[in-house]
Amino acid sequence: MIRVFLVDDDEDDYVLTRGLLGDIPGSFELAWMPSIDKARAALRDTVPDLILLDYLLGAESGLDFLKELRRAGLGLPVIILTGQGDREIDMAAMAAGATDYLVKSELSAAILDRAIRYAMSVSELHRKLLEDHERLQQMEKLSVVGLIAAGIVHEVSNPLTGVMSLVQALHDGKAGDSRDEYFKAVKDGLERMRVTLRSLLDLAREQPLTLAEVDVAELVAACFRLMAATLRSRGITPVQDVPAGLRARADRSRVIQAILNLMMNAADATPSGGSITVSVTKKPGSIGIVVTDTGAGIAPAIAERILEPFFTTKSVGKGTGLGLPFVVQTAKLHGGDLTIASQVGKGTTMTMWLRDDAR
Ligand SMILES: Nc1ncnc2c1ncn2[C@@H]1O[C@H](COP(=O)(O)OP(=O)(O)OP(=O)(O)O)[C@@H](O)[C@H]1O
Ligand SMILES: [Mg+2]
């Protein structure tokens, strides 16, 4: 038994449809909803297997109702019925989430039967696809979690071993005159663990973004202010090349943190006398924040790995390898990505793309 709702203000259409469905061998249970309000109320009690939805119900639009159903997460098959064949309406119906589109004057029992069965199998396929997609995403997440777990063990267990033996020595009174040094080493070890865990938290924080209009030049200027002392002490020239007045929708503090990560990496790779430039670039729908350095570049042998959580070429205690994963995550949360261009001995350019739907 296939339960069908017909949402149509015209009683003649109901009689016609009932007649056609009656001609189809197999069983349909047809319920007639003469208005969208009636359909809305009925849907609160029962969700049918399929909806036949009139394109225009008096002053009301069937497409708006369809969009409302889809927004509410109802994935059931919906076939739009219309008085005339019109490609534009057909396209609009599909864009609104219709499973199929039929012209009333061309309806026959055979066409209706075929359309209903087809719509039901399409929507079943669609449901399975969505399920598979979710499962895949879950698996991808798991493997990242595995990588991260391995990284934590590595990053935290070294200082942990050190701290434990220092504490043991202090407890046993073996520190002698070096008690202060021992305590300082314990503090350093704990600090390293804290930094690792904090960057991990930043990465794992899947809190929703706080999106607001930001002034890109102002945001970049804030980054340069925070980096000023570091760049000066390393003899690196800062270059700000962002036009005034450029705006974007973004999570300000997250994006600042991501840019700082890129600038910090650039500073670590750049010798004294070099420069770090931040500029912007655009492509349709996106804005790119570009951090360019005149540093060492990235060797092809490691280029594949630099985005892995915990991959670092820096000495113990200096880098955790969580900077770029944070940048990638930030870009992805903004609907974008990170692109990298690098030449060994010449320098590196990293572009963090953010979607910019507003324009
Ligand atoms: N601008 C750059 N130039 C050259 N190498 C870079 C650059 N940016 C990143 N890398 C390489 O990529 C690696 C990973 O970078 P990432 O920011 O993820 O971690 P990290 O800087 O080593 O540590 P963390 O950012 O957690 O302190 C770095 O260790 C470095 O080898
Ligand atoms: Mg880094």
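Author: Axes are lines fitted to C-alpha atoms, for helices over the stretch in contact, and angles run from 0 to 180 degrees between N-to-C directions. Helices are DSSP runs of H or I with at least four residues, numbered from the N terminus. The model is predicted: local features need pLDDT of at least 70, side-chain atom pairs count only at pLDDT 80 or more, and totals for chains, interfaces and linings use all residues. Residues are numbered from 1 along each chain as its sequence is written, with chains lettered from A and ligands numbered from 1 in the order in which they are written.

Reader: At what angle do the axes of α7 and α8 cross?

Author: The axes of α7 (residues 216-233) and α8 come within 10 Å and cross at roughly 40°.

Reader: What is the handedness of the crossing of α7 and α8?

Author: The crossing is right-handed. That term applies because the near helix is turned clockwise from the far one by less than a right angle.

Reader: Which residues of α7 and α8 make the contact?

Author: Residues are in contact if their C-beta atoms, placed from the backbone, lie within 7 Å. Among them are Leu-219 and Leu-226 of α7 and Ile-256 and Met-263 of α8. By class, the contact has 13 nonpolar, one polar and one charged residues.

Reader: How many residues surround ligand 1?

Author: The number is 21, and the closest include Asn-265 and Thr-312. A residue is near a molecule if its C-beta atom, placed from the backbone, lies within 6 Å of it. The largest share of this shell, four residues, comes from α8.

Key:
Helices (H or I, at least four residues) and strands (E, at least two) are DSSP runs, numbered from the N terminus. Two residues are in contact if their C-beta atoms, placed from the backbone, lie within 7 Å. Ala, Val, Leu, Ile, Met, Phe, Trp, Tyr, Cys and Pro count as nonpolar, Asp, Glu, Lys and Arg as charged, and the others, Gly among them, as polar.
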